[in-house]
Amino acid sequence: MPRALPSRDVPSRHLVPSLSVLAAAAVWLAACTTTDIAGGGAAPTVVIPPGPPVVVDIALLPGKWGLASYREEKDRARTEAEAKRACGNPYVIGSGSQGGVLMHLPDQSQPTEVFIKTTPDGRSLIGPRGPVGMPQDRVVMYFQGGVLITEWLDPSARERYGTMMLVRCA
Amino acid sequence: MDRKSLKSLWIVACIAALGLTAAAVSTEVEAKQRKELAIQDQPGYVPTPEEEMLPAQYRPQPVFFRTNEPPGTIVIHTDERFLYLVQDGGRAIRYGIGVGRDGFQWQGLVKISRKQEWPDWRPPPEMIQRQPYLPRFMAGGPGNPMGARALYLGDTVYRIHGTNQPRTIGYAVSSGCFRLVNRDVIDLYNRVPVGTKVVILQSAKL
């Protein structure tokens with residue numbers, strides 16, 4: 001049978017106390033830092049694809065972006081043109097309440113507040129609170145001149161959606 | 001009425017009942033075959049080779065085919081869920097296809113205006129609304145809902161194309177395009193040039 005896209009699960013009752021603890025931890029973490037919650041030397045839980053170190057200023061992310069994707073480098077230039085054209089139906093990144101930004105995790109219909117996480121070797125990832133290299137994180141491959149290129153760390157999402165390109169709308 | 005007549009009447013009634021049951025089962029099967037498949041596009045999904053093994057009737061096969069169309073013509077029978085590539089000698093190669101949902105089916109005579117390997121895909125706006133995280137444009141490649149090849153039909157928005165959802169073959173699922181599994185659309189793509197005549201037939205419904 002074809003594999004269905006994973007749906008968003010509803011937390012069961014017995015998870016509620018755990019979520020409360022996580023929420024408290026999140027508030028505590030928010031008090032410690034705003035944009036960098038790398039968690040020091042915490043080991044990534046999934047493999048981060050190789051790439052150059054990229055610095056991302058989270059303040060530059062909120063706004064409207066054209067969103068497109070590609071798989072092969074030869075398609076990058078025309079994907080950028082298509083992403084610009086997609087500003088007619090833009091992807092909107094909102095500002096979060098805790099210093100992050102609101103973006104979608106893989107296959108989630110509602111946005112989540114995400115933050116910039118950095119690795120010891122200077123890689124930047126965008127993801128929810130937690131250690132660097134969570135499956136829900138995306139690694140930034142390029143961020144310059146209003147173009148943001150990311151790859152999902154979750155192998156399934158990366159396989160299905162390819163390399164995601166966001167181009168800032170005018 | 002004597003016992004013999006009663007027995008005859010009973011046999012006739014049984015045969016009639018069996019006939020009605022068979023007709024009902026046949027209609028049910030037919031309806032099931034033609035029903036719409038409630039499935040959304042799965043952008044990025046790459047089917048396994050096993051999934052691409054279609055039921056026997058939908059695999060490409062030579063068949064006898066009576067038509068006045070010349071060899072090389074494509075004839076699409078929407079209701080049958082088959083695409084025929086007309087050959088010499090009253091034969092055709094038959095492919096299983098997925099067709100448009102009710103309200104999205106059409107008929108006509110067009111020509112293949114363009115051929116494209118690994119076509120790009122743009123999710124429809126209503127899909128973006130449901131899944132805002134989807135790219136508005138996805139460059140062609142494995143996992144693309146448009147599949148491995150596309151044959152553009154005249155100046156319409158419709159295409160004969162591949163799919164990353166083999167289980168939709170035999171169903172009414174699309175917005176008016178005709179889909180084949182990737183292996184089959186590659187085979188068809190290699191057999192027909194730009195300019196090929198395409199006849200789309202749609203039987204009248206009672």
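The model is predicted, so local features are described at pLDDT of at least 70, side-chain atom pairs count only at pLDDT 80 or more, and totals for chains, interfaces and linings use all residues. Residues are numbered from 1 along each chain as its sequence is written, while chains are lettered from A and ligands numbered from 1 in the order in which they are written.

Helices (H or I, at least four residues) and strands (E, at least two) are DSSP runs, numbered from the N terminus, and two strands pair if DSSP finds at least two bridges between them. In chain B, strand β4 (residues 91-96) runs antiparallel to strand β1 (residues 61-64), with 4 bridges joining them; here B:Q61 has B:R94 as its bridge partner. Strand β3 (residues 82-87) of chain B also pairs with β4(B) in the antiparallel sense, over 6 bridges, and B:L83 sits opposite B:Y95. The hairpin of β3(B) and β4(B) has 3 residues between the strands, and B:G89 takes a positive phi near 70° there.

Strand β6 (residues 108-117) of chain B likewise has two partners to meet. Its antiparallel pairing with β11(B) (residues 197-201) is made by 4 bridges, with B:V110 opposite B:V198. Antiparallel β7(B) (residues 149-153) is joined to β6(B) by 5 bridges, and B:Q116 has B:A150 as its bridge partner.

Which residues of helix α3 (residues 182-191) of chain B are buried? They are B:N182, B:D184, B:V185, B:L188 and B:Y189, where buried means that 20 or more other C-beta atoms lie within 10 Å of the residue's own, with C-beta atoms placed from the backbone. These residues lie on the same side of α3(B) because they cover an arc of only 160° around the axis, the arc being that of the directions from the helix axis to the C-beta atoms. Their cover includes β3, β4, β6, β7 and β8 (159-161) of chain B.

Leaving aside neighbours within four places in sequence, B:L83 is in contact (C-beta atoms, placed from the backbone, within 7 Å) with B:I74, B:I76, B:Y95, B:I97 and B:F178.

Finally, the contact between the chains takes 22 residues from chain B and 24 residues from chain A.

Key
A residue is buried if 20 or more other C-beta atoms lie within 10 Å of its own, exposed if 12 or fewer, and partly exposed in between; C-beta atoms are placed from the backbone. Two residues are in contact if their C-beta atoms, placed from the backbone, lie within 7 Å.
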